[in-house]
Amino acid sequence: MIESLPRREREIFEILLGAGEASAAQVRERMNDAPSYSAVRALLARLEGRGLIRHREEGQAYVYA
């Protein structure tokens, strides 16, 4: 299934696999030619909607794993 993900979603998924968990800002910092912060959040929401990642709240931020 991972191979069928669009490039950006796959990149984010691989970042989270390597990091274990990260906030949207931390994911964005690790991306090549990163899109806007809101675009990263939208991509994270898509991955979560597919059941590939999950989040927890830490203060005012979501941390994804």
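Contact here means heavy atoms within 4.5 Å. Keep that cut-off in mind for the whole tour. The model is predicted.

**Stop 1: the whole chain**

Select everything. Among contacts between residues at least 6 apart in sequence, 47% join residues at least 24 apart. Now colour by secondary structure. The chain has 3 helices and 3 strands. Read from the N terminus, the order of elements is α-β-α-α-β-β.

Next, check the dimensions. The C-alpha trace spans about 35 × 25 × 20 Å along its principal axes. A compact globule of 65 residues would have a radius of gyration near 11 Å, and the chain agrees, with 11 Å. Colour by accessibility: buried residues account for 32% of the 65 residues.

**Stop 2: α1 against α3**

Select residues 7-19, which form helix α1, and residues 37-49, which form helix α3. Two packed helices are described by the angle between their axes and the distance between the axes. What are the angle and the axis distance for α1 and α3? The angle is about 80°, and the axes lie 10 Å apart. Angles of 65 to 115 degrees count as roughly perpendicular. The two helices, α1 and α3, are therefore roughly perpendicular to each other.

Show side chains at the contact. From α1, pick Arg-8, Glu-9, Ile-12, Phe-13 and Leu-16. They meet Val-40, Leu-43, Leu-44, Arg-46 and Leu-47 of α3. Sorted by class, this contact has 7 nonpolar residues, 3 charged ones and no polar ones.

Stay on Arg-46, which sits in helix α3. Arg-46 is partly exposed, at a relative accessible area of 47%. Now draw a distance from Arg-46 to Ser-36. They are 10 residues apart along the chain, and their C-alpha atoms are separated by 15 Å.

**Stop 3: Leu-52**

Move on to the loop between α3 and β2 (55-58), and select Leu-52 there. Is Leu-52 buried, partly exposed or exposed? Its relative accessibility is 23%, so Leu-52 counts as partly exposed.

Which residues does Leu-52 touch, leaving out those up to four places away in sequence? The set is Met-1, Ile-2, Leu-5, Phe-13 and Leu-47. Two of these names return from the previous stop: Phe-13 in α1 and Leu-47 in α3.

**Stop 4**

Select strand β1, residues 22-23, and centre on Ser-23. Ser-23 has 14% relative accessibility, so it counts as buried. Not counting residues up to four places away in sequence, Ser-23 touches Tyr-62 and Val-63.

Glu-58 is partly exposed, with a relative accessible area of 47%.

**Stop 4: the tyrosine pair**

From Ser-23, step to its contact Tyr-62. A pair of aromatic rings is described by the distance of the centres and the angle of the planes. How many aromatic pairs does a search of the whole structure find? The search finds 1. It is made by Tyr-62 and Tyr-64, with ring centres 6.3 Å apart and planes at 70°, so the pair is edge-to-face. The cut-off for that label is planes over 60 degrees apart.

Tyr-62 is partly exposed, with a relative accessible area of 38%. Tyr-64 is buried, at 6%.

**Stop 5: Asp-33**

Last, select the loop between α2 (24-30) and α3, and find Asp-33 there. Look up the backbone torsions. What is phi of Asp-33? The value is near 50°, which is positive in a residue other than glycine. Asp-33 has 68% relative accessibility, so it counts as exposed.

Note on methods
Residues are numbered from 1 along each chain as its sequence is written. Side-chain values use heavy atoms; hydrogens and water are left out. Axes are lines fitted to C-alpha atoms, for helices over the stretch in contact, and angles run from 0 to 180 degrees between N-to-C directions. Helices (H or I, at least four residues) and strands (E, at least two) are DSSP runs, numbered from the N terminus. Angles under 35 degrees count as roughly parallel, over 145 as roughly antiparallel, 65 to 115 as roughly perpendicular and the rest as oblique. Ala, Val, Leu, Ile, Met, Phe, Trp, Tyr, Cys and Pro count as nonpolar, Asp, Glu, Lys and Arg as charged, and the others, Gly among them, as polar. Buried means under 20% relative accessible area, exposed over 50%, partly exposed in between (1.4 Å probe, protein chains only). Rings of Phe, Tyr and Trp (its six-membered ring) pair if their centres lie within 6.5 Å; planes under 30 degrees apart count as stacked, over 60 as edge-to-face and the rest as tilted. The radius of gyration is taken over C-alpha atoms; the globule rule is 2.2 Å times the number of residues to the power 0.38.
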